[in-house]
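This briefing covers selected features of the structure below. Please read it with the coordinates open.

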Amino acid sequence: MNATDRMIGRLTSGERQAALILCGLTALSGAALGLAGRNDVVGWHGLLMLLFAGGFGFLLMTRLDMAEPTEDRGASYYDDPIKAGIVLAMAWAVFGMFMGVWVAAQLAWPDLHFDNGWSTFGRLRPTHTTGVIFGFGGNALIATSFHVVQRTSRARLAGQVSPWFVLLGYNLFCLLAVTGYLLGITQSKEYAEAEWYADLWLVVVWVTYFVLYLRTIARRREPHIYVANWYFMAFIVVVAILHIVNNLALPISWGHAKSYTIWPGVQDAMVQWWYGHNAVAFFLTAGFLGMLYYYLPVRAQRPIFSYRLSILSFWGITFFYMWAGSHHLHYTALPHWVQTLGMTFSVMLLVPSWASAGNALLTLNGAWHRVRDDATLRFMMAAAVFYGLSTFEGSFLAIRPVNALSHYTDWTVGHVHAGALGWVALITFGSLYTLVPTLWKRERMYSAALVEVHFWLSIAGTLIYVFAMWNSGIIQGLMWRTYTEDGALAYSFVDSLVAMYPYYIARAFGGLLFLIGAVVGCYNMWMTVRAVPQATSRTGDQPVAAAVPGE
Amino acid sequence: MFDISHETLVAFSKSWGLFYLMGFFLCVVVYAFWPSNRKRFDRAKTSILERDDKPWQ
């Protein structure tokens, strides 16, 4: 029996039929899109939807007559979609980081586009951002949210088919997005490049995700909703709102990929950066704080330092972030007071951000020997440190006069990667190294030494990357604002480009180290499932020390 | 339809926008520090460390 048999065998025949109908409907939508768009590049995406849904439909159809499941489902958690989500997250991590290294290398050596249209910088760059943010981050968030909500609610997921619809439907969206960029399909909105039909599909998937999460919470046996769930719920709700408002657009026809946004000019810019910055806040922060508030205490076997502080920082983040987006539009046509508003809230954000980072580090206070010995816990500790550093940097860069120097330079890129590599990716790897042995019921990870290798590759890669971008960004900013005695610019743009060359090489090298770390992580997880013996008790791979009160 | 000018809207958001944020912040602080909630929060933060891995029925 292979994994597909086992996973489909856990569905009743009624559920298999329901899943088959969902596949059929998706395939039909794909066929309709393909027919309507047969004269446009969107026809390929119709075909992709048809093949994707048809493939899963085939898997189900050949297994419709399998025996009904006999287990008592209420007595166990539903872990199959979580396992699939982890595999998908790691696969996207390798893809997305590889694309990142490739585009970074193109900046140093432009010949690496090999004279193809599809492999030029403009098309590859969004495959990197979508691959790592939505492919890697999104799948990790879906998987860990399914795990955390069940464990903290003491209830099984409220559905057998819907978790699969959410996970696989979400991955179909990622595939449509990434293949679209290579084909030249984009609506040119940062972190929202996918076109109208993919956006509509994501709305359906995301609303299902929200309903599933709420219904699971409604089933809870534990009266109090643990704070990690609040963060995951804020992530799901706000991303739904952001996605819908920012992608309000009219396609030029049902059979054409191109659409036009309904917001004109500066309003469009404001809506886009309200979306863009809140995507950082609620996609790349809130959900990952959910991971931090669950996996860090569990791994350290210590309760969070202050639960009250976690509540205060939750509401602080939720309310302040909403207003910060306009700091992306300093010195533009946006009204001055709106820029000032964004700047003020960005500075205020430092309070709840540092409250979370401090709460995490104080939880570990008194268990530093465990941080020293356990690379998994160290991943999470380093993530909290980078979270504190990059939120400080973010508040600083949002101040208008500072932004005058940093905007449009590599400093911004360095800041984003301090957050994305140092915070988001490190907390994810720490969480996954905690989760994988628990979920597959293994005694431990295959190799603690390889976790250690992954940790140091990640740290070295992040530091090289961020220091290279700080240097190049500040040099760029200074060169662009240096005037001669006659009041002319002292350097041409090309002069600043030549000065960047060594930093671009260093950046690509830092990214390469980070990518190698992720590949090592994939191998270690694969071997854990393959070669590590089953844990006799389910408490395997947890420190044996008893819980110590933290406050 | 009401005729709301730009100035009216800005004046409204600059006054009430601030008040409701502060009001909301006060509510959250009261909730977080309300004495009878202490027990619930203490239980919540240790509850995730319990070892059984089964739903409660």
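A:Gln272 sits in helix 9 (residues 265–300) of chain A. The model is predicted. With 21 other C-beta atoms within 10 Å, A:Gln272 is buried, because the cut-off for that class is 20 or more.

**Around A:Gln272**
- Setting aside neighbours within four places in sequence, A:Gln272 contacts A:Lys189 and A:Asn246.
- A:Gln272 and A:Val245 lie 27 residues apart in sequence. Their C-alpha atoms are 9.2 Å apart in space.

**Confidence**
- Chain A has a mean pLDDT of 94. Of its residues, 97% reach 70 or more.
- Residues 539–551 of chain A are an exception to read with care, with pLDDT below 50. In the model, this stretch still has 31 contacts beyond near neighbours in sequence.
- Where pLDDT is low, predicted coordinates should not be read in detail.

**Helix 6 against helix 7 in chain A**
- Helix 6 spans residues 162–183 of chain A, and helix 7 spans residues 196–218 of chain A.
- Their axes come within 9 Å and cross at roughly 155°.
- That angle is over 145°, so helix 6 and helix 7 of chain A count as roughly antiparallel to each other.
- The crossing of helix 6 and helix 7 of chain A is left-handed.
- The residues of this contact divide into 14 nonpolar, four polar and no charged.
- On the helix 6 side, the contact residues include A:Phe165, A:Val166, A:Gly169, A:Tyr170, A:Phe173 and A:Leu176.
- On the helix 7 side, they include A:Trp201, A:Leu202, A:Val205, A:Tyr209 and A:Leu212.

**The loop between helix 6 and helix 7 of chain A**
- A:Ser188 is placed in this loop. Its phi is near 60°, a positive value in a residue other than glycine.
- A:Ser188 has 10 C-beta neighbours inside 10 Å, so A:Ser188 counts as exposed.
- A:Tyr191 also lies in the loop between helix 6 and helix 7 of chain A. The phi of A:Tyr191 is near 60° too, again positive in a residue other than glycine.
- Most residues other than glycine have a negative phi.
- Is A:Tyr191 buried or exposed? A:Tyr191 counts as buried, because 20 C-beta neighbours lie inside 10 Å.
- A:Ala194 is found in the loop between helix 6 and helix 7 of chain A. A:Ala194 counts as buried, with 26 C-beta neighbours inside 10 Å.
- Leaving out residues up to four places away in sequence, A:Ala194 touches A:Leu176, A:Ala177, A:Gly180 and A:Asp199.
- A:Ala194 and A:Ala105 are 89 residues apart in sequence. From C-alpha to C-alpha they are 25 Å apart in space.

**Chain A with chain B**
- How many residues does each chain bring to the contact? Chain A brings 27 residues and chain B brings 21 residues.
- On the side of chain B that touches chain A, the elements giving two or more residues are helix 1 (6–33) and helix 2 (38–47) of chain B.
- Helix 2 of chain B gives the most to that side, with seven residues.
- The residues on that side of chain B divide into twelve nonpolar, three polar and six charged.

Definitions and conventions. Residues are numbered from 1 along each chain as its sequence is written. Chains are lettered from A and ligands numbered from 1 in the order in which they are written. This is a predicted model: local features need pLDDT of at least 70, side-chain atom pairs count only at pLDDT 80 or more; totals for chains, interfaces and linings use all residues. pLDDT is the predictor's confidence in each residue, from 0 to 100. Two residues are in contact if their C-beta atoms, placed from the backbone, lie within 7 Å. Axes are lines fitted to C-alpha atoms, for helices over the stretch in contact, and angles run from 0 to 180 degrees between N-to-C directions. Helices (H or I, at least four residues) and strands (E, at least two) are DSSP runs, numbered from the N terminus. Angles under 35 degrees count as roughly parallel, over 145 as roughly antiparallel, 65 to 115 as roughly perpendicular and the rest as oblique. A crossing is left-handed if the near helix is turned anticlockwise from the far one by less than a right angle, and right-handed if clockwise. Ala, Val, Leu, Ile, Met, Phe, Trp, Tyr, Cys and Pro count as nonpolar, Asp, Glu, Lys and Arg as charged, and the others, Gly among them, as polar. A residue is buried if 20 or more other C-beta atoms lie within 10 Å of its own, exposed if 12 or fewer, and partly exposed in between; C-beta atoms are placed from the backbone.
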